[in-house]
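Q: Can you walk me through this one? Keep it brisk.

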Amino acid sequence: MTDERWLHALGQELARHRLTPDLTHHVVAEAAAHLRDSGQPALRAFGTPQGYAAAVVESLASQHRPPRRPPGRVRLRASQITKRYGRRTVLGPTDLTVRAGEVAAIVGANGCGKSTFLRICAGLLSPDSGEVVVDGVLGYCPQNGGTYDFLLPEEHFVLVGAGRGLDRARSRRLGRSGAATLQWEPARDTQARHLSGGTRQKLNLVMAALGDPDVLLLDEPYQGFDRGAYLDFWQHVWRWRDEGRAIVVVTHLLNQLDQVDQVLDLTPGTREAAA
Ligand SMILES: Nc1ncnc2c1ncn2[C@@H]1O[C@H](COP(=O)(O)OP(=O)(O)OP(=O)(O)O)[C@@H](O)[C@H]1O
C-alpha cells in the first residue's frame with residue numbers, strides 16, 4: 001500500500017469513527033509529516049490505518065476533560081509576523097491570539113518555523129514585519145539550552161525569581177515545589193551541566209512557570225521526560241489553563257490536540273489557526 005493510499009484510508013477510518021473534520025485533517029497531516037520526516041513507510045511506522053485510527057480514537061476518548069471556564073482577556077496577540085533567514089522565508093504572515101484561560105498548540109513539520117515563531121513571541125528574536133503584544137508577565141521554556149552550566153538549580157530559581165520580583169527564599173521554595181510536581185528533587189550541589197537532558201528540561205520548565213506568569217510559551221518542553229513526567233506535564237498545562245494563564249505549546253504529539261483551544265499549523269500551505 002502506498003503512503004498516499006494509507007493516509008487516505010486513515011482519513012476514512014477517522015471519519016467513520018466520527019472524528020470532526022478539523023481533527024481528522026490534523027491527525028492525517030501530522031501522520032503525513034511524520035512519514036516525510038522519518039522516511040519510513042506508513043505500514044511500518046503506524047501499522048494498519050484501521051489499527052492506528054482505533055488507537056487515536058481510544059487515546060482521545062480516554063483523555064481527562066476538565067471543566068472549562070470562559071476565556072478571559074487577550075494576553076498574547078501576534079499579528080502578521082514574517083521572518084526570513086537570508087533569502088529564505090521561514091515564516092509567512094502569521095497571526096495568533098491567545099486569551100487568558102486558553103491553550104494554543106503550534107504544530108507542523110520539522111523546520112517549518114515553530115521555534116522561530118515562539119522566540120519572536122517571547123521577544124527573543126525580531127520579526128522582519130508584524131507585531132507581538134503581550135499583556136502581563138511572560139515565561140518561556142526553550143526546546144533546549146536556557147540553563148547555565150555552572151549554576152545550581154536553586155541559583156537558577158533565584159535568578160528567574162529576581163526578574164519576577166521574588167525574594168531568594170520564595171524563589172527557592174517555589175522552584176523546589178515546582179520541581180517536586182515533576183517528580184524531581186534538585187540536588188543542592190549539582191550544577192546544571194551535570195544534569196541529564198530530561199532533568200535540564202524540567203529545570204527550564206520550572207523556571208518558565210516560576211511565580212505564575214500570565215503567558216507561558218513552551219517549546220516542546222517535555223523532551224527527554226519519562227512517561228510519568230510527560231503525563232504530569234499535560235496535567236500542569238490543563239491546571240495552568242484553568243487558573244487563567246494563556247499558554248502556547250509547540251508540540252509534535254497528536255493525542256492532546258483535541259483538548260487545546262486552537263491549533264496553529266505552520267506547515268507551508270496549511271497556515272491557519274483552527275479553533
Ligand atoms: N539563526 C538561523 N539562521 C539561519 N537559519 C535558521 C536560523 N534559525 C533557524 N533557521 C532555519 O529556519 C527554519 C525554521 O527553524 P525552526 O527551528 O523555527 O523550525 P521548527 O519548526 O521549530 O523545527 P523543529 O520541529 O525541528 O524543532 C529551519 O530551516 C532552520 O534551519
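A: Conventions come before the helices. Axes are lines fitted to C-alpha atoms, for helices over the stretch in contact, and angles run from 0 to 180 degrees between N-to-C directions. Helices (H or I, at least four residues) and strands (E, at least two) are DSSP runs, numbered from the N terminus. The model is predicted: local features need pLDDT of at least 70, side-chain atom pairs count only at pLDDT 80 or more, and totals for chains, interfaces and linings use all residues. Residues are numbered from 1 along each chain as its sequence is written.

Q: At what angle do α1 and α2 cross?
A: Roughly 155 degrees, for α1 (residues 3–16) and α2 (residues 21–38), with axes that come within 9 Å. That makes α1 roughly antiparallel to α2 (angles over 145 degrees; under 35 is roughly parallel, 65 to 115 roughly perpendicular, the rest oblique).

Q: Which residues of α1 and α2 make the contact?
A: Asp3, Leu7, Leu10, Gly11, Leu14 and Ala15 come from α1. From α2 come Thr24, Val27, Val28, Ala31, Ala32 and Leu35. Contact is C-beta atoms, placed from the backbone, within 7 Å.

Q: And by class, what does the contact of α1 with α2 have?
A: Nine nonpolar, two polar and one charged residues. Ala, Val, Leu, Ile, Met, Phe, Trp, Tyr, Cys and Pro count as nonpolar, Asp, Glu, Lys and Arg as charged, and the others, Gly among them, as polar.

Q: New topic. Which residues surround the ligand?
A: Tyr85, Val90, Gly108, Asn110, Gly111, Cys112, Gly113, Lys114, Ser115 and Thr116. The cut-off is a C-beta atom, placed from the backbone, within 6 Å.

Q: Which helix gives the most to that shell?
A: Helix α5 (residues 114–121), with three residues. By class, the shell has three nonpolar, six polar and one charged residues.

Q: Now the sheet. In what order do the strands come?
A: β2-β1-β4, three strands in an open, antiparallel sheet. Pairing takes at least two DSSP bridges between two strands. β2 and β4 (129–134) stand at the edges with a single partner strand each, so one side of each has no neighbour in the sheet.

Q: How many bridges join β1 and β2?
A: Eight, between β1 (residues 74–85) and β2 (residues 88–99), in the antiparallel sense. Valine 74 has arginine 99 in β2 as its bridge partner. Arginine 84 stands opposite threonine 89.

Q: What about glycine 86 in that hairpin?
A: Glycine 86 takes a positive phi near 60 degrees, and the hairpin has two residues between the strands.

Q: Where does α5 lie?
A: Across β1, β2 and β4, at about 125 degrees to β1.

How values were computed
Contact = placed C-beta atoms within 7 Å.
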